[in-house]
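Here is a short note to read beside the model. Keep the 3D view open and find each part as it comes up.

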Amino acid sequence: MTTRRGAAPHRATELEQRFGDPYEPGNPLGFTAVLEADERAEMFADGESALDDYGLNAEFVPPSHGGRLDRMDDLIEVMRSVYRRDPALGLGYGAASFIASTNVWSSADPEQAAEVARLLLSGRKVACAYHELAHGNDMANTEFAAMPGPDGLLLNGRKEVVTNIRRADALVMFARTDTRRGSRSHSQVYVDKSALAAGSFRDLPRFPSTGMRGVQLGGIEFTDCPLDAGNLLGTPGHGLETAMKSFQLTRTALPAMMTAALDTGLRTTLGHTTTRRLYGGPVSDIPYVRTALAESFADLLLCEAFSLVGARALHLLPGQTSVYASAVKYGISGPLMDAVHRLSVVMGAQSYLRDGPNAIFQKMHRDVQPVGFGHAARAACQISVLPQLPLLARRSWSAPAATDPNLFRLDAELPELDLGRLTVNASGGDALGAALLALPDELPDDPGGKQLHSEAQHFGQELRRLAEECRSLPPRELTFLAEPASYEAVDAYVSALMAGSCLQIWRHNPDDPFLGRPDWVRAALHRLHARAGTGPRELPDDLVQELYGELLDRHAHDRSFGITNRPFSGR
């Protein structure tokens with residue numbers, strides 16, 4: 001396994017050790033206790049206490065304010081340790097505060113940022129109130145208002161289906177601050193709930209959910225609630241711009257954290273099929289079962305490879321991540337959901353049981369679904385990418401170009417995360433696409449390079465074909481009114497980025513015992529072809545055996561199934 005200097009890899013391992021063996025029935029932080037809380041539709045209280053002791057909130061606070069948020073890929077690794085145990089704990093304890101605080105770090109004045117940092121570092125929570133049932137992802141039509149009043153602002157309106165809104169100590173709220181239409185009609189406001197006037201707001205009933213049962217989804221309604229005008233975050237009227245920049249962090253990180261649910265689902269399925277006997281032997285001897293396990297493993301590696309590059313791009317290519325973040329959210333959510341569903345077919349009746357040694361599977365199957373719509377729907381991500389494609393085609397896909405190898409090297413250090421460098425539009429910049437065009441001529445002249453050369457050529461040619469198509473897209477086809485064929489251009493572009501990420505990670509980690517082998521890349525790209533309908537659906541037998549053997553080895557040695565191959569449970 002490729003390693004690097006730095007604190008976060010062993011912070012994640014420390015957290016795994018604190019959690020202990022999840023399959024041990026007597027472990028108060030194990031799956032038995034997680035499922036008991038889920039059955040009660042409650043947050044996992046002992047898990048929250050363990051995260052309090054660890055100080056998880058410090059992972060969401062920049063070092064300049066006393067926290068540990070120095071690298072986005074490190075935050076993702078730490079949070080995967082939580083999501084692998086309980087996705088509801090990951091979202092309900094921590095990720096919800098992360099979503100809210102990104103708006104603060106990117107726009108607030110120093111005093112406001114210091115206040116939020118103190119709140120988080122003392123173990124309290126901040127909720128992000130974007131959502132209104134009437135408008136969903138259509139933030140430009142948000143009705144919740146923070147309009148001028150006699151002594152500052154008056155809050156009026158409702159926010160609904162918001163994680164932790166009742167139990168949070170403070171809120172970051174997206175609000176209309178101008179009655180005129182246009183991009184400068186909304187701002188973000190910071191609300192300290194303890195300072196609100198009595199009777200000026202009320203909590204709305206909880207919204208029960210099928211998955212993430214422990215997450216407290218609630219709402220709030222304000223009626224002429226006074227708020228000091230100094231509680232505006234950033235420049236008045238720039239709320240949508242702040243949100244668009246913050247989405248670049250959350251659309252990258254949240255789906256990447258959720259890959260841990262597939263890791264647990266895959267581990268549970270592997271354990272079940274290797275011990276369950278059918279037709280005179282273990283279920284894992286059935287070719288279909290081994291293929292399904294290997295394909296799901298390939299999907300996990302594909303998703304984590306792309307999310308790793310997306311996370312590192314936030315440091316190295318911040319002017320381009322308005323495209324990459326939406327591509328990550330859109331690109332990995334589909335394979336994640338499909339892989340867990342595939343495993344549920346293998347698990348059969350065991351995938352429905354809410355008790356017993358495999359009961360955690362049904363929870364992971366339910367909890368993974370919000371990756372496709374939570375915080376921002378997959379369709380919203382498509383709409384974010386589509387209008388940028390023609391300019392990308394003209395400015396970045398016309399000539400191959402090398403890019404920073406530190407995007408792909410797992411042992412590489414990164415510059416400080418600078419949210420001030422994020423932009424709402426990539427302005428045609430796409431270093432990953434240009435690097436894919438250059439890749440066929442850069443692959444090593446060895447057996448691995450020769451195996452992957454045709455794949456690099458194929459996806460490079462796809463990008464060139466896409467460039468010709470996108471240059472001629474009419475304006476209507478760059479909006480939500482676009483025909484399905486135009487949305488297919490987003491699919492093709494995201495697939496090219498995913499393929500390039502896998503190929504580049506293989507190329508730039510040659511000494512890694514697993515990542516330096518070409519077979520995992522061949523399998524991941526095969527999955528891309530299968531999803532696009534451009535290749536056979538099932539993995540070839542040699543790749544099935546290679547990936548299945550790797551799964552067994554990692555399972556036996558308590559390693560994660562993801563791209564970093566970290567220690568799993570601290571056993």
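1. Helices (H or I, at least four residues) and strands (E, at least two) are DSSP runs, numbered from the N terminus. With that in hand, find Leu439 in the loop between helix 13 (431-438) and helix 14 (447-471). This is a predicted model: local features need pLDDT of at least 70, side-chain atom pairs count only at pLDDT 80 or more, and totals for chains, interfaces and linings use all residues. Residues are numbered from 1 along each chain as its sequence is written, and side-chain values use heavy atoms, with hydrogens and water left out.

2. Stay with Leu439. Is this residue buried or exposed? Buried means under 20% relative accessible area, exposed means over 50%, and partly exposed is in between (1.4 Å probe, protein chains only). Leu439 has 0% relative accessibility, so it counts as buried. Contact means heavy atoms within 4.5 Å. Setting aside neighbours within four places in sequence, Leu439 is in contact with Ala456, Leu503, Gln504 and Arg507. The C-alpha atoms of Leu439 and Gly500 are separated by 8.3 Å, although the two residues are 61 residues apart along the chain.

3. Now step back to the overall picture. The protein has 17 helices and 10 strands. Its radius of gyration is 23 Å, close to the 25 Å that the globule rule gives for 571 residues, so the protein is as compact as a globular protein of that length. The radius is taken over C-alpha atoms, and the rule is 2.2 Å times the number of residues to the power 0.38. The C-alpha trace spans about 75 × 60 × 45 Å along its principal axes. Buried residues make up 60% of the 571 residues. Among contacts with a separation of 6 or more, 77% are between residues 24 or more positions apart.

4. Look next at a helix pair. Two packed helices are described by the angle between their axes and the distance between the axes. Here, helix 4 (residues 72-85) and helix 5 (residues 87-107) have axes that come within 7 Å and cross at roughly 145°. Axes are lines fitted to C-alpha atoms, for helices over the stretch in contact, and angles run from 0 to 180 degrees between N-to-C directions.

5. Helix 10 (residues 360-367) is mostly covered, with seven of its eight residues buried. Among the buried ones are Ile360, Phe361 and Met364.

6. Turn to the strands. Six of the seven residues of strand 5 (residues 186-192) are buried, so this strand is largely enclosed by the rest of the structure. Two strands pair if DSSP finds at least two bridges between them. Strand 4 (residues 170-176) pairs with strand 5 in the antiparallel sense over seven bridges. Ala175 stands opposite Ser187 in strand 5. Strand 5 also runs antiparallel to strand 8 (residues 232-233), joined by two bridges. There, Gln188 has Leu233 in strand 8 as its bridge partner.

7. Finish at His529, in helix 16 (residues 519-532). His529 counts as buried because its relative accessibility is 11%. Beyond its neighbours within four places in sequence, His529 is in contact with Glu455, His458, Phe459, Thr534 and Gly535.
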